[in-house]
Amino acid sequence: GDRTLVDALHPFVHSLSASSATTPEAIEADLRKALALAEEGAEGTKAMTDAILGRASYVPEKDLEGNADPGAVAACAWLKGMIEGLRQGR
């Protein structure tokens, strides 16, 4: 909730820590579910304007309104690419 990439990474990691998947298909499904949660976390940063950490902490509130945190969006892009790379590498 600090408008940083952690807003995307925390739900991703938290979701996977509860996973008990053992087959490649189940692992991929859990990764995709975790990615969806990360994307929700990144989307949630659009409503955050009172940033105290990261670059957003020195950007005027009016410029933050309605814009997702770039670090959170980038984290989701990286996670999505990782998942796609793993899928193609199987």
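The legends below describe close-up views of a predicted model.

View A. Aspartate 2 sits in the segment before α1, the helix of residues 6-17. Its relative accessibility is 33%, so aspartate 2 counts as partly exposed, a class that lies between the limits of 20% and 50%. Apart from neighbours within four places in sequence, aspartate 2 has contacts with Asp7, Met48, Ala51, Ile52 and Leu53. Proline 60 is 58 residues away along the chain, and its C-alpha atom is separated from that of aspartate 2 by 15 Å.

**View B. The largest nonpolar core.** Twelve residues form this core: Ala8, Phe12, Leu31, Ala34, Leu35, Ala38, Ala42, Ala72, Ala75, Cys76, Leu79 and Ile83. Two or more of the core residues come from each of α1, α2 (24-44) and α4 (70-89). In soluble globular proteins, nonpolar side chains tend to be buried together.

**View C. Alanine 42 within the core.** Alanine 42 is one of the residues of the largest nonpolar core. Leaving out neighbours within four places in sequence, the contacts of alanine 42 are Asp7, Ala8, Ala68, Ala72, Val73 and Cys76. Among these, Ala8, Ala72 and Cys76 are also listed in the core.

**View D. The largest pocket.** The space in this pocket is about 170 Å³. Both α3 (61-64) and α4 give two or more residues to its lining. The lining comprises 15 residues, and those nearest the pocket centre are Arg55, Ala56, Asp69, Pro70 and Gly71. By class, the lining has seven nonpolar, four polar and four charged residues.

Notes:
Residues numbered from 1 in each chain as written. Predicted model: local features only at pLDDT ≥ 70, side-chain atom pairs only at ≥ 80, totals over all residues. Heavy atoms only, no water. Helix = DSSP H or I, 4+ residues; strand = E, 2+ residues; numbered from the N terminus. Buried < 20%, exposed > 50% of the residue type's maximum accessible area, 1.4 Å probe, protein only. Contact = heavy atoms within 4.5 Å. Core = buried A, V, L, I, M, F, W, Y, C linked by side-chain atoms within 4.5 Å. 1 Å grid on protein atoms, 1.4 Å probe; cavity = no way out; pocket = protein on both sides within 12 Å on 5 of 7 lines; lining within 4 Å. Points joined across faces, edges and corners; volume = space filled by probe spheres on them. Nonpolar A, V, L, I, M, F, W, Y, C, P; charged D, E, K, R; others polar.
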